[in-house]
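Here is a short report for a first look at this structure.

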Amino acid sequence: MVETSGRLLKLLSLLQSHRAWSGTELAERLAVSRRTLRRDVERLRELGYPVHATQGAAGYRLGAGAELPPLLLDDDEAIAVVIGLRTAADGSVTGIEESSLRALTKLEQVLPSRLRHRVHTLHTATVRAGAVPAPEVSAGTLMAIAEACRRRERLRFDYTSPHSAHSIRSVEPHSLVSFGRHWYLVAWDTDRTDWRTFRVDRLTPRTPTGPRFSPRELPDGDVATYLAHQLSSQTWPFRATVTLHEPAAAVADRVWPGMGVIEPVDDHSCLLHLGAGTPRDLAWMITSVDTDFTLTHAPPELADALRTQGTRCLNAVREV
């Protein structure tokens, strides 16, 4: 019985980690005959696991059922789930805190002692500091937007701008994006006939959704690049483009989300498009990338800010 139970757990683990297995592959992995494999599959089905036979070559895959049967997680997966639930409980999405804590309690109760000790050690040794609280959004709002994106249905919502101006918007939603500390909706604005980005914490969906629409091609190729470009260029009073004297891949990790957009040029250089509230902030952002650069398109005030910063650094060196 112990051997059979262990074999069932191994079979379940294989099915959970692979889209589909042939019967021959599974039998070889378990070191059993095809007949024994078929009996083990039937036992899993009796326990509530929807193991489906695949078409064509005889094989099996684990499907979705009407109920959630027990999951089989390895050590790293279990710890990852615990960390994810704790993060969700303290995160910016409202309405899931209680559910996350309930799920976390259930999971920690069944964790083996070795894992419970590791999770407890991580939790007690971790202090969350320096993080600015993110604007809260409701899980219901995120789901309403996500459903409209999936169904390709027009979405109407009440929107409050940064200047407290209220409006009713009608859009063709493209994607939800978690970017930095905020959630954004990228959509085609039907009234303004152009692409727009909206802060999800500032909108309230209206029901029902509107008619279906055909998807449009997004500028900049993908939604992450488009949003980064929008956040780094729009609304800033001072904007600049500089040529960095390193390839794009080499500096990508030094440009944080929302700071700017990198545009590859060749194997030795790239362009950085960015914006800021003051020339001094622009100078600080550019020099923080820590590479040689040339001003390509920039306001005159940026050159003055760079000279001031350079003089300050030189004076500091002379005093050493």
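## Buried and exposed

A residue counts as buried under 20% relative accessible area, as exposed over 50%, and as partly exposed in between, using a 1.4 Å probe and protein chains only. By that rule, Phe-157 and Phe-198 are both buried.

The model is predicted, so local features need pLDDT of at least 70, side-chain atom pairs count only at pLDDT 80 or more, and totals for chains, interfaces and linings use all residues. Residues are numbered from 1 along each chain as its sequence is written, and side-chain values use heavy atoms, leaving out hydrogens and water.

## Aromatic pairs

Rings of Phe, Tyr and Trp (its six-membered ring) pair if their centres lie within 6.5 Å; planes under 30 degrees apart are stacked, over 60 edge-to-face, and the rest tilted. The whole structure holds four aromatic pairs. One of them joins Phe-157 and Phe-198. Their centres are 5.2 Å apart, with 80° between the planes, and the pair is edge-to-face. It links distant parts of the chain. Phe-157 sits in strand S6 (residues 155-160) and Phe-198 in strand S9 (residues 194-199), 41 residues apart. Helices (H or I, at least four residues) and strands (E, at least two) are DSSP runs, numbered from the N terminus.

Trp-188 and Trp-195 also pair. Their ring centres lie 5.8 Å apart and their planes meet at 80°, so this pair is edge-to-face. Trp-188 and Trp-195 are both buried. Ring pairs also link Phe-157, Tyr-159 and Phe-198 into a cluster.

## Two residues in their surroundings

Contact means heavy atoms within 4.5 Å. Val-41 lies in helix H3 (residues 34-46). Is Val-41 buried or exposed? Val-41 is buried, with a relative accessible area of 1%. Not counting residues up to four places away in sequence, Val-41 touches Leu-11, Val-51 and Tyr-60. Leu-11 is 30 residues from Val-41 in sequence, and their C-alpha atoms are 8.3 Å apart.

Ile-168 belongs to strand S7 (residues 166-179). Ile-168 is partly exposed, at 39% relative accessible area. Neighbours within four places aside, Ile-168 contacts Arg-156, Phe-157, Asp-158, Asp-191 and Arg-206. Glu-77 is 91 residues from Ile-168 along the chain, and 43 Å separates their C-alpha atoms.

## Helix H4 and its partners

Axes are lines fitted to C-alpha atoms, for helices over the stretch in contact, and angles run from 0 to 180 degrees between N-to-C directions. Helix H4 (residues 75-89) packs with helix H5 (residues 97-110) at about 150°, their axes 8 Å apart. H4 and H5 are therefore roughly antiparallel (over 145 degrees; under 35 is roughly parallel, 65 to 115 roughly perpendicular, the rest oblique). The crossing is left-handed: the near helix is turned anticlockwise from the far one by less than a right angle, whereas clockwise makes a crossing right-handed. On the H4 side, the contact residues include Val-81, Val-82 and Leu-85; on the H5 side, they include Leu-101, Leu-104 and Leu-107. The residues of this H4 and H5 contact are 10 nonpolar, one polar and three charged. Ala, Val, Leu, Ile, Met, Phe, Trp, Tyr, Cys and Pro count as nonpolar, Asp, Glu, Lys and Arg as charged, and the others, Gly among them, as polar.

H4 also packs with helix H6 (residues 113-125), at about 40° and with the axes 11 Å apart. The crossing of H4 and H6 is right-handed. Among the contact residues are Asp-75, Ile-79 and Arg-86 of H4, and Arg-114, Leu-115 and His-123 of H6. The contact of H4 with H6 has seven nonpolar residues, one polar and five charged.
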